[in-house]
Amino acid sequence: MPVDAERASELLSTLRTDTRTAIADVRRLVDDLRPPALDELGLVGALRQRADQLSWRADGASVSVKVSADGLPALPAALEVAAYRIATEALTNVVRHSRATVAVLALRCGKELEIEITDDGPPNGAWTPGVGLQAMRERAAELGGRFEAGPSPAGGRVHATLPMVTT
């Protein structure tokens, strides 16, 4: 049986590409389930890292992001992931849409976990709900929480309250 080296090389190249694509897809799925930064840095550390990554707007201006967390106990995994996703989506929206120079992410924990993101962006009317706002709303609702977002007298505000016990 003759060996077609060129054909074998093409097949190996295709196989390598397909394998890399499959590995990237699996990594993306795993990251969607639980971002590795949560395990490596904890919720506050992961949020600080993401805030640092998001500190530059598309127009080249910087956004100073402050993260504060008062009395944050160990959180159930589902709650931690939801808090991370809501906070990072809200910060992404600040950077993309608000023209803010300062954003503050505050986490407070009592009977519920509160996530609040405020910014000093200029008022530009009511917010049009898009995919990001809808995703944040759904994440809060999945855990029995509350979500509100919109303009405030000082800029913009996203506020989510999540129960400490997840079902």
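Trainee: Over how many bridges do strand β2 and β3 pair?

Mentor: The model is a predicted one, in which local features need pLDDT of at least 70, side-chain atom pairs count only at pLDDT 80 or more, and totals for chains, interfaces and linings use all residues. Residues are numbered from 1 along each chain as its sequence is written, and side-chain values use heavy atoms, with hydrogens and water left out. Strands (E, at least two residues) and helices (H or I, at least four) are DSSP runs numbered from the N terminus, and two strands pair if DSSP finds at least two bridges between them. Strand β2, residues 102-109, runs antiparallel to β3, and the number of bridges is 7.

Trainee: Through how many residues does the hairpin join β2 to β3?

Mentor: Along the pair, Ala103 stands opposite Asp119 in β3, and Leu107 has Ile115 as its bridge partner. The hairpin that links β2 to β3 passes through 2 residues.

Trainee: Which residue in β5 does Ile115 stand opposite?

Mentor: Strand β3 also pairs with β5, in the antiparallel sense, through 8 bridges. Ile115, the partner of Leu107, has a counterpart in β5 as well, namely Ala160.

Trainee: Which residues does Ile117 touch, not counting residues up to four places away in sequence?

Mentor: Ile117 is one of the core residues that touch the most other members. Contact means heavy atoms within 4.5 Å. With residues up to four places away in sequence not counted, Ile117 touches Ala87, Ala90, Leu91, Val94, Val104, Leu105, Gly156, Arg157 and Val158.

Trainee: Which residues are closest to the centre of the largest pocket?

Mentor: On a 1 Å grid over the protein atoms alone, a pocket is an open set of points where a 1.4 Å probe fits, with protein on both sides within 12 Å along at least five of seven lines; lining residues have an atom within 4 Å of a point. The largest pocket holds about 390 Å³ of space, a volume being the space filled by probe spheres set on the points. It has 24 lining residues, and the closest to the centre are Asn93, His97, Ser98, Trp127 and Leu133.

Trainee: Which element supplies the largest share of the lining of the largest pocket?

Mentor: By class, this lining has 12 nonpolar, 10 polar and 2 charged residues; Ala, Val, Leu, Ile, Met, Phe, Trp, Tyr, Cys and Pro count as nonpolar, Asp, Glu, Lys and Arg as charged, and the others, Gly among them, as polar. At least two lining residues come from each of α3 (77-98), β3 (112-119), α4 (131-142) and β5 (155-163). The largest share, 5 residues, is that of α3.

Trainee: Is Leu133 buried or exposed?

Mentor: Leu133 is found in helix α4, and it touches Asn93, Trp127, Thr128, Phe147 and Ala149, leaving out residues up to four places away in sequence. The C-alpha atoms of Leu133 and Asn93 are 8.8 Å apart, although 40 residues separate the two along the chain. Because its relative accessible area is 11%, Leu133 is classed as buried.

Trainee: What is the phi of Arg99?

Mentor: Most residues other than glycine have a negative phi. Arg99 lies in the loop between α3 and β2, and is exposed, with a relative accessible area of 52%. Although Arg99 is not a glycine, its phi is positive, at about 60°.

Trainee: What is the relative accessible area of Arg57?

Mentor: Arg57 lies in the loop between α2 and β1. Apart from neighbours within four places in sequence, Arg57 is in contact with Val63, Val95, Arg99, Ala100 and Thr101. Arg57 counts as buried because its relative accessible area is 12%.

Methods
Buried means under 20% relative accessible area, exposed over 50%, partly exposed in between (1.4 Å probe, protein chains only). A nonpolar core is a set of buried Ala, Val, Leu, Ile, Met, Phe, Trp, Tyr and Cys residues joined through side-chain atoms within 4.5 Å.
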